[in-house]
Amino acid sequence: MSNNANHNRVLDSMRHLNQKYEKINEQQSDFTRRQAAGENADPSEFMKLLEQQSVTGSAMTAQFSLYQQPLNTVVTDSR
């Protein structure tokens with residue numbers, strides 16, 4: 001697989017994870033709004049969202065590290 005195809009795959013994955021992360025943030029905001037409006041919202045729902053946010057953030061960090069690794073190799077090899 002070419003570097004360009006691998007690069008695009010990593011960026012597509014990052015884009016997907018970012019969209020998922022934003023959706024989770026929207027769900028957290030919705031939960032907070034409902035709670036502020038007096039709804040008796042289930043705290044376990046919010047804990048689940050926090051867990052999803054944490055896992056997604058970790059996946060984004062790992063994916064970014066994979067993206068950086070070839071860049072570091074290019075910089076090191078060009079010296």
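This note describes the salt bridges of the structure shown above.

1. The model is predicted, so local features need pLDDT of at least 70 and side-chain atom pairs count only at pLDDT 80 or more, while totals for chains, interfaces and linings use all residues. Residues are numbered from 1 along each chain as its sequence is written, and side-chain values use heavy atoms, with hydrogens and water left out.

2. Side chains of opposite charge can pair when their charged atoms come close. The structure contains four salt bridges (a salt bridge is a side-chain nitrogen of Lys or Arg within 4 Å of a carboxyl oxygen of Asp or Glu).

3. Helices (H or I, at least four residues) are DSSP runs, numbered from the N terminus.

4. Asp12 is partly exposed at 44% relative accessible area, and Arg15 is partly exposed at 47%. Buried means under 20% relative accessible area, exposed over 50%, and partly exposed in between (1.4 Å probe, protein chains only).

5. Arg34 forms a salt bridge with Glu45, at 2.7 Å from N to O. Glu45 lies in helix α2 (residues 43–77) and Arg34 in helix α1, so this pair ties together parts that are eleven residues apart in sequence. Glu45 is partly exposed, with 31% relative accessibility.

6. Arg34 also forms a salt bridge with Glu39, their closest N and O atoms being 3.0 Å apart. Glu39 is partly exposed, at 40% relative accessible area. A network of salt bridges links Asp30, Arg34, Glu39 and Glu45.

Conventions
Helix = DSSP H or I, 4+ residues; strand = E, 2+ residues; numbered from the N terminus.
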